[in-house]
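Reader: Hi! Could you walk me through this one?
Author: Happy to, let's take a look together.

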Amino acid sequence: MLARSPWRGARWLVIAPHPDDETLGAGALIHHAASRDRLGGVVFLTDGGGSHPQGTPHLRAVRRREARRAVGLLAERLVPIDWLGWADGKPSHEASRAFGRSARRLGTMIRTRRIDALAVSDPGDRHCDHVAAFQLALAACDRSRRALQIFTYSVWHEPASRGTRFATPSMPNGLRRRALGAHRSQLTPSMGEGFRLPKPMRRMTSADQLIAVHWPR
């Protein structure tokens, strides 16, 4: 259990590749950390603009609004939300200037907010943005000049990361479902034709499974 681990008092930063990943993969962690005033913020890699056909009016603004509401429901308080502004489905290459800028920005965020533990999508999810978010987390940790632990959470597939598994404390019944409901664009035809979250993925547990990743320092 995370609550009995060396990171029980850690200050957390959660990185989500897209709006709704924060709820699906790290909703219980967000709730638990915020309830103890130990949540340093939620960072979104992309604006989620790839979920619907290009040119869908106001899609990016809608998805940002949905994410803010979902995080607010999970945290039950105001927490910092940041957007790195990557294009959905078109991640920056590790050797690119854009990747370097994001890694430096995230590293500064980790340092100034005194983050001890970072939760990010597991590369086993295989979606290019989920893999890129993990790679960015590694680069940012190196730039942060802080001793911290990376944890991964899975959204789509079995994790590829190796490390010790921890379960978060359970969140109140129905809270994750209400937070996911804030992402109407991913659940309903409210924005027209586009992505719909598969129904089996809407049946979510009350706790998150995290992996404390072992990586070369």
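Author: In α1, Glu22, Thr23, Gly27, Ile30, His31 and Ala34 meet Ala70, Val71, Leu74 and Ala75 of α2; contact means heavy atoms within 4.5 Å. By class, this contact of α1 with α2 has 6 nonpolar, 3 polar and 1 charged residues. This is a predicted model, where local features need pLDDT of at least 70, side-chain atom pairs count only at pLDDT 80 or more, and totals for chains, interfaces and linings use all residues. Residues are numbered from 1 along each chain as its sequence is written, and side-chain values use heavy atoms, leaving out hydrogens and water.

Reader: Nice! At what angle do α1 and α2 pack?
Author: Helix α1 (residues 21-35) and helix α2 (residues 59-75) pack at about 45°, with axes 8 Å apart.

Reader: Switching topic: is glutamine 186 buried or exposed?
Author: Glutamine 186 has 2% relative accessibility, so it counts as buried (under 20% relative accessible area; exposed is over 50%; 1.4 Å probe, protein chains only). Glutamine 186 lies in helix α6 (residues 184-187).

Reader: And what does its side chain make a polar contact with?
Author: The side chain of glutamine 186 pairs with that of serine 51 at 3.3 Å; a polar contact is N or O atoms within 3.5 Å, one able to donate a hydrogen and the other to accept it.

Reader: Where is glutamine 54 found?
Author: Glutamine 54 is in the loop between β2 (39-46) and α2, and at 84% relative accessibility counts as exposed.

Key
Axes fitted to C-alpha atoms, helices over the stretch in contact; angles between N-to-C directions. Helix = DSSP H or I, 4+ residues; strand = E, 2+ residues; numbered from the N terminus. Nonpolar A, V, L, I, M, F, W, Y, C, P; charged D, E, K, R; others polar.
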